[in-house]
Amino acid sequence: MTKFWNFCKRFYLVILLIFIYLPILMLMIFSFNDGKSMTKWSGFTFDWYKKLFTNPLILESIWVTLSIAVVSSLVATVVGTLAAIGINDYKKWQKNLILSVTQIPMMNADIVTGISLLLFFIFTKIPRGYVTMLISHTVFNIPYVIFSVMPRLKGMDENLYEAALDMGATPGYAVRKVIIPQLMPGIVSGFIMAFTMSFDDFVISFFSSQGVISNLSIYIYSMAKVGINPEINALSTIMFLCVITLLIIINVRAERQAVRSGRRPTKPKKAR
Amino acid sequence: MNRKKAFALPYIVWMIVFTIVPLLLILFYAFIHKTDTGALIFTTEYIRSALSGSSMSVLLLSLEYALITTVLCLLLAYPAALFLWQLRSRIGSIVNLLFMLPMWMNFLLRTYAWRALLDMSGPINRVLQWLGLPGQQLLYTEGAVIFGLVYNFLPFMLLPIYTAFTKIDRSYVQAAEDLGANRWQTLTRVILPLTRSGIITGVTMVFMPAVTTFVVSRLLGGSQTMMFGDLLENQFMLLKDWNTGSALAVVMMVLMLLSMALVRKSDDGVMPGGM
Amino acid sequence: MKTTRFLALVLAILFVLPLAAACGKSGQKTTLYVLNWGEYLDPDLIKEFEDQNPDIKINYTTTTSNEEMYTICATEGSKIDLLVPSDYMIERLIAEDLLAELDLSNIPNFEYVKQAASTCTFDPESKYSIPYLMGTLGIVYNTKLVDDPVDSWDILWDEKYAGKIMMYDSIRDSIAIALCKLGYDLNTADPEQLREAGELLKQQKSLVLAYGTDNIKYDMIGGNVALGVDYSGSATEAILENSDLAYVVPKEGSNIWVDSMVVLKSSQHKEAAERFINFLCDPEITARNSEYVGYTTPNSKAEEYVDPELLAADSYHISEDVIARCKYYKDLDADTLALWNSVWMEVKTATK
């Protein structure tokens with residue numbers, strides 16, 4: 001019975017993963033299609049890959065996308081995590097107010113956020129370009145970090161932090177050594193979420209850069225009128241394979257280290 | 001206790017400058033009418049036109065789609081998070097990451113891929129025909145829109161819930177079982193309350209963005225109805241009517257803040273008892 | 001601590017590099033900010049132009065719609081020098097006095113597009129704009145699924161093809177089709193005519209499989225849709241992929257459009273922009289670009305360089321009688337546009 005139950009659980013996860021990966025597979029296959037359509041297979045080709053590496057527009061926008069995604073999500077993670085730790089100590093109404101305002105960039109339609117930020121940059125006379133795109137991305141990234149970290153703060157043992165302070169730790173030290181480790185999974189998922197949001201954003205990037213620079217999303221979305229260029233499918237395939245490979249390498253190394261140091265992976269703890 | 005508050009200060013300053021001030025600009029557009037002579041007058045005309053029957057019916061439809069999407073995402077993601085948590089924790093987090101990875105491929109591209117998959121002559125229909133079943137018009141239906149939305153937002157539900165799971169001290173579960181709780185009781189009385197905040201975060205992250213997306217309804221639904229995102233885009237870009245556009249945004253924000261406040265209130269009410 | 005230092009290093013690099021790159025590139029060079037539609041210029045041509053003109057660096061960005069172009073350019077502090085909007089948007093930009101007058105003596109290749117330019121009702125003397133690419137709005141149909149002759153918009157209302165028709169998802173195009181079918185002007189401001197057009201589109205809704213944009217092309221290639229409204233360039237791409245397809249501009253008339261290169265008044269680099277315009281008007285260059293994009297070049301001498309296969313497609317070559325029965329869109333004033341919008345909203349929110 002338990003065996004069957006375990007099989008069902010795994011089966012469910014596998015089905016979900018297939019559902020998630022089906023379109024990715026489709027994109028990968030059609031990046032080798034000798035034609036622009038994704039509905040008709042017209043033969044195998046490497047052409048899109050070759051063209052991709054000579055397309056300066058794509059290469060430049062990859063750079064913009066990656067650097068903006070990394071920097072904005074790192075900044076968002078640091079600011080957001082500290083904010084989450086701090087917010088928890090405010091009075092209830094203050095906390096609710098801050099959290100409500102925090103939700104605004106998340107719930108506002110992209111176009112509203114985009115235009116309001118454009119208006120703001122005009123108003124403050126900040127020239128549009130890389131910096132304004134970076135700021136805008138950080139604006140909509142922070143909420144994702146805060147809302148990833150907050151759940152882990154709830155019900156966290158406050159006494160440990162107090163104890164650290166009583167024993168003479170500075171608040172900064174206590175946060176780093178006591179609170180942050182407990183929040184780590186939330187921080188990591190917040191970072192991933194922020195990175196993803198930044199990586200995928202089109203509308204806000206478009207308005208905040210006002211035609212000065214272009215990221216991949218701007219490049220891809222603007223193709224919608226004339227048609228998607230399969231070079232983009234080729235690029236996605238390459239990026240995806242890179243990320244997967246990286247993930248595998250990191251995990252294999254971590255696993256080896258765990259085995260070498262004799263540390264077994266954590267198992268469910270028994271009740272004391 | 002006060003010492004930790006300072007950590008939030010950089011964010012609060014940031015929030016005031018980059019969230020509240022731009023928001024004030026939106027409020028300004030929603031409530032202030034600029035006459036031809038350049039005088040500024042307070043008006044509720046824009047809000048009233050944003051509250052008109054046709055735009056409200058568009059908003060309600062979008063809310064309905066978002067609600068269905070949120071519920072389906074929750075129903076799919078919760079068991080997934082639970083099963084992931086029950087795996088060895090290393091494996092669990094790797095598989096969880098596997099669920100996130102596809103999001104690093106552009107959303108529009110993935111939606112195009114689904115369009116091709118659901119196409120009459122696409123792979124899914126080929127498989128159906130191979131099985132001797134008649135081809136189905138999958139594309140350009142309401143079902144396709146919901147399907148695409150669930151696909152897109154599922155990771156946003158899964159991640160916070162899984163994060164909440166990783167916080168659970170497994171000894172609680174052990175204790176419940178030792179005390180004679182069956183599986184179902186353990187799930188509903190112990191695990192569910194402990195992951196409640198993850199669910200609320202997930203719902204927030206799925207429901208709100210789902211209201212204003214329109215790419216899925218355009219590409220997979222054949223754009224047969226108007227979504228709130230379309231409406232906003234028309235107001236801002238086509239009609240250049242930033243006033244009514246802002247008013248629409250304000251109406252939507254008020255509605256959603258209210259609903260989220262309700263959710264948070266119920267959350268705060270339950271948490272202490274649940275613990 | 002090691003990781004912290006590593007992270008700091010990464011951050012520093014990420015911050016500094018783009019700035020350094022920007023400075024390095026624009027040292028003594030003129031940076032020309034060009035805003036175009038996505039996939040609307042062969043990227044190799046940018047490189048080629050930069051090689052020929054080492055003093056100019058092109059900063060190329062893309063957009064999805066005329067309206068987005070307008071927002072980016074008409075908003076204070078825009079850096080854009082050169083952009084390629086469509087006819088009606090150029091009309092608006094001229095009316096708002098945002099465009100610079102071009103110096104045609106800097107654009108000797110203008111003579112090749114002169115003839116096409118003279119038909120541009122929004123700027124017949126080419127004071128502000130030089131035609132780039134053009135196209136029409138018409139019907140793509142699958143000859144295996146449609147037996148009737150396709151020469152009229154009426155066929156999009158034929159119940160025989162219920163569920164096999166794709167309409168275009170745009171206010172201007174869909175309402176224009178209904179207006180043309182009714183025999184009205186496709187730039188009308190008459191509420192009664194617009195109401196009738198709206199009624200017609202509502203009637204049609206139950207026959208329509210979906211309203212689409214670039215996806216119409218994929219549906220046509222797939223071979224399951226009988227009739228689809230599409231732009232000529234998109235149709236050409238579909239016809240080249242699936243030989244069962246054909247394209248027609250209905251006899252009642254339709255929309256012809258041209259996207260033209262214009263320079264903003266605020267531009268500091270008008271001379272460089274004109275050099276780029278001249279480069280793009282070169283017959284051989286424009287032929288290559290037209291092949292890449294799929295839309296028709298207005299260049300009178302370019303056809304001899306265009307791939308014959310492309311020239312053979314009905315949708316590529318725009319004949320004299322098509323030009324005669326088609327009209328450019330005009331920029332509608334705010335009230336008229338609001339009227340059009342409310343008609344379209346009724347169509348979109350109507351139940352099927």
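Of the 272 residues in chain A, 50% are buried, a residue being classed as buried if 20 or more other C-beta atoms, placed from the backbone, lie within 10 Å of its own. The structure is a predicted model, in which local features need pLDDT of at least 70 and side-chain atom pairs count only at pLDDT 80 or more, whereas totals for chains, interfaces and linings use all residues. Residues are numbered from 1 along each chain as its sequence is written, and chains are lettered from A in the order in which they are written, with ligands numbered from 1 in that order.

Chain A has 11 helices and 0 strands, where helices (H or I, at least four residues) and strands (E, at least two) are DSSP runs numbered from the N terminus. The C-alpha atoms of chain A fill a box of roughly 70 × 65 × 35 Å along the principal axes. Among its contacts (C-beta atoms, placed from the backbone, within 7 Å) between residues at least 6 apart in sequence, 79% join residues at least 24 apart.

The contact between chains A and C takes 33 residues from chain A and 35 residues from chain C. On the side of chain A that touches chain C, helix H3 (56-87), helix H5 (110-123) and helix H10 (216-221) each supply at least two residues, and H3(A) gives the most, with 6 residues.

In chain B, B:Phe207 is found in helix H10 (residues 196-212) and counts as buried because it has 25 C-beta neighbours inside 10 Å. Leaving aside neighbours within four places in sequence, B:Phe207 is in contact with B:Ala66 and B:Thr70.

Terms used. Contact = placed C-beta atoms within 7 Å. Buried ≥ 20, exposed ≤ 12 C-beta atoms within 10 Å, placed from the backbone.
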